[in-house]
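Subject: Structure for your review

Dear colleague,

Please find below the structure that I am handing over to you.

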Amino acid sequence: MKKKIIAAGHICIDITPVFSKKDACSNVSELLEPGKLIHMDRADVHTGGSVANTGLALKMLGADVQLMGKVGNDAFGDMIQQIVNHYDAGGLIVDQDSSTSYSVVIAIPGIDRIFLHNPGANDTFSNADIPEKDLEDAVFFHFGYPPIMKKIYENDGAELVTILKRMKGKGIATGLDLAAIDPDSEAGKADWQRILEKSLPFVDFFVPSFEELCFMLDRKKYDTLLRSGKDMTEILSMEKDVKPLADELLHMGSKIALIKCGTAGMYCKTASQSALKEVGSRLDLDVALWADKEGIQPCFRADTVLSATGAGDTSIAAFLTAVLRGYGPEKCVALAAAEGACCVTAYDALSGLKSLEELEEKMGSGWKTRG
């Protein structure tokens, strides 16, 4: 019998205008100038956000998944409903008073993505939107993108804490992922150190990216890396920059921290056996197998790179699927990195994905890593 996982949180429609390879540049200002007309290829339109990216990837990887998110009663909402229904993965709430969230993803070859984002109905998602009956057979509850869900992060994350405590009280294992923050937005002015301090004691698997985490916990270092003008994952030090953050996360209460570091790979650290005994009992985690682990997983070399959209989310889907199958931490993290390398071979989050069996076969045949 499969273990049911709930993928809850942020969902939107992603619109990605496709640039020509001749438009590749190292700085966005080289291409985007006022009054300039740029000839584009087709636009890719797909679901986005943690619920769609991680949730549907979990579904494709064979997990028993239920989606939990909100859309508006509009054209974008209809599109999202049609897409998730295609995967036989319903469960979305239609909010008559909100618009559907959307992102315009500017993925210019040669530079990191830029997102133009409207949070829409995601801003109203709350604990009240999670039906009690849907939790009866759930083993794992994964929540994604609180930084772009207003009701979740306001009041020092009180609603997020309520949701996580509710899950822990039922023995359901919890996962939490973050999202990039606009520094000038309301979320950018929130006290994320405080929010994490309050919520992480109720988080079993915390899976943020380095950039998101550095912004929240070490703003001075974040600004320094940002001023370099380079992709910060290309210049970070795992030992000096990432490890201290992982240590802090476990100190705050997270049981397992997996930090996504882009092309630098992934950094994983787990708590002691006594701490891991607090992981949701329904998951039946092999505590001895997972306790006191720490390590770096290099990034696998992608066959081609079209867009990093959804790479972090789908890597977490592979990680969680492996966790649900009872795999050990090293194998779970390796499969996560491998799936991320497959994801970037397509413009959307799902088209490039491979099954865990295909990933293991590819890794076993000498798949090279970066560095």
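In the account below, Ala, Val, Leu, Ile, Met, Phe, Trp, Tyr, Cys and Pro count as nonpolar, Asp, Glu, Lys and Arg as charged, and the others, Gly among them, as polar. Please note that this is a predicted model.

These classes apply to the lining of the largest cavity, which has 2 nonpolar, 5 polar and 3 charged residues. The residues concerned are D14, T16, D44, H46, T47, N53, T309, Y347, D348 and A349. Strand β3 provides the largest share of this lining, with 3 residues, while β2 and β3 each contribute at least two. The space in the largest cavity amounts to about 50 Å³, and a search of the whole structure finds 1 cavity of 30 Å³ or more.

Strands β2 and β3 also belong to a sheet. In general, strands of a sheet pair through backbone hydrogen bonds, either parallel or antiparallel. Here, 4 strands form an open sheet with mixed pairing, in the order β3-β2-β7-β8. Because β3 (43–48) and β8 (114–118) stand at the edges with a single partner strand each, one side of each has no neighbour in the sheet. On average, neighbouring strands of this sheet are turned by 20° against each other, direction ignored.

Strand β2 (residues 12–17) runs antiparallel to β3 and is joined to it by 6 bridges. In one of these strands, β3, A43 is the bridge partner of P17.

Two helices lie across strands of the sheet. Helix α1 (residues 49–60) lies across β2 and β3, at about 90° to β3. Helix α2 (residues 75–86) lies across β2, β3 and β7 (102–106), at about 95° to β2.

Yours sincerely

Note on methods. Residues are numbered from 1 along each chain as its sequence is written. This is a predicted model: local features need pLDDT of at least 70, side-chain atom pairs count only at pLDDT 80 or more; totals for chains, interfaces and linings use all residues. Side-chain values use heavy atoms; hydrogens and water are left out. Two strands pair if DSSP finds at least two bridges between them. Axes are lines fitted to C-alpha atoms, for helices over the stretch in contact, and angles run from 0 to 180 degrees between N-to-C directions. Contact means heavy atoms within 4.5 Å. On a 1 Å grid over the protein atoms alone, a cavity is a set of points where a 1.4 Å probe fits but cannot get out, and a pocket is an open set with protein on both sides within 12 Å along at least five of seven lines; lining residues have an atom within 4 Å of a point. Grid points are joined across faces, edges and corners, and a volume is the space filled by probe spheres set on the points.
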